[in-house]
Amino acid sequence: MKKNNDFVDNEMLYDDDMNTEPNQEDIEDVNTDFEDNPADAHDQVEELQEKYNDLNNSYLRLHAEFDNFRKRTVKEKADIIKSGGERVLADILPFADDFERALQALHEAENKAAMVEGMDLIYSKFVNFLNQHGVSEIEAIGQPFDAERFEAVTTVPVHNASQKGMVIDCVQKGYQLNDKIIRYPKVIVGE
């Protein structure tokens, strides 16, 4: 069989068993068909070679485009992860300034009531900041215990039957970012 310029249908060369060698009679039949009309065979080979080259080029371009797309998205994801918290951290910096001023005033102040009021203002400002960024506190006390929303620290016996299975106290507040819980509230459940 000649290389590159002769087109030979593989099905004609092989028997039903794919592991056998081509039958010599089949090869002679194919060669005879091409010898009868060599111009058509040459044209057919050139046409098929051109189709092959077009498809191969198309495949290579598509593969390169996909590879570039994949690399670009990986880089974009890495950039988002790297600088994703930058905005939130920049928004938190004023609270660090407020706490620094509050601590300095606390050491110098004689009027403790004014200091408590200042700390309350800083806390309410911080809670508003969290709400603006989609973070909200999870209400726990008085709610029925749900293992998917709360983390039970302990259980305590209750005298009132209506408090059984209810959250009696909250040891640590829980928070959710939009609808995703980012810290589960640690609660005490009535038993």
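Is Asn 178 buried or exposed? Asn 178 is exposed, at a relative accessible area of 55%, where exposed means over 50%, buried under 20% and partly exposed in between (1.4 Å probe, protein chains only). The model is predicted, so that local features need pLDDT of at least 70 and side-chain atom pairs count only at pLDDT 80 or more, while totals for chains, interfaces and linings use all residues. Residues are numbered from 1 along each chain as its sequence is written, and side-chain values use heavy atoms, with hydrogens and water left out.

**Overall layout**

- The chain contains five helices and six strands; helices (H or I, at least four residues) and strands (E, at least two) are DSSP runs, numbered from the N terminus.
- In order from the N terminus, the elements are α-α-α-α-α-β-β-β-β-β-β.
- Of the 191 residues in the chain, 15% count as buried.
- Among contacts with a separation of 6 or more, 56% are between residues 24 or more positions apart; a contact means heavy atoms within 4.5 Å.

**The sheet**

- Three strands form an open sheet in the order S2-S6-S3, with mixed pairing; two strands pair if DSSP finds at least two bridges between them.
- Strand S2 (151-156) and strand S3 (167-172) are the edge strands, each pairing on one side only.
- S3 and strand S6 (residues 186-190) run antiparallel and are joined by four bridges; within S6, Ile 188 is the bridge partner of Asp 169.

**Nonpolar cores**

- The largest nonpolar core has seven residues: Ile 138, Ala 140, Phe 150, Val 167, Ile 181, Val 187 and Val 189. Such a core is a set of buried Ala, Val, Leu, Ile, Met, Phe, Trp, Tyr and Cys residues joined through side-chain atoms within 4.5 Å.
- Another core, of five residues, lies apart from it and includes Phe 129, Leu 130, Val 135 and Tyr 175.
- Not counting residues up to four places away in sequence, Val 187 touches several residues, among them Ala 140, Phe 150 and Val 167.

- Gln 176 is located in strand S4 and counts as buried, at 17% relative accessibility.
- Beyond its neighbours within four places in sequence, Gln 176 is in contact with residues including Val 135, Ile 138 and Ile 181.
- Asn 178 belongs to the loop between strand S4 (174-177) and strand S5 (180-183).
- The phi of Asn 178 is near 55°, a positive value in a residue other than glycine. Most residues other than glycine have a negative phi.

**Aromatic pairs**

- There are five aromatic pairs, counted where rings of Phe, Tyr and Trp (its six-membered ring) have centres within 6.5 Å; planes under 30 degrees apart count as stacked, over 60 as edge-to-face and the rest as tilted.
- The rings of Phe 66 and Phe 69 form a tilted pair because their planes are at 40°, with centres 6.5 Å apart.
- Both Phe 66 and Phe 69 lie in helix H3 (residues 38-83), three residues apart; Phe 66 is exposed at 52%, and Phe 69 is partly exposed at 41%.
- Phe 95 and Phe 126 form an edge-to-face pair, 5.1 Å centre to centre with 90° between the planes.
- This pair links distant parts of the chain, with Phe 95 in helix H4 (residues 86-108) and Phe 126 in helix H5 (residues 112-132).
- Phe 95 counts as buried at 5% relative accessibility, whereas Phe 126 counts as partly exposed at 27%.
- Ring pairs join Phe 95, Phe 126 and Phe 129 into a cluster.
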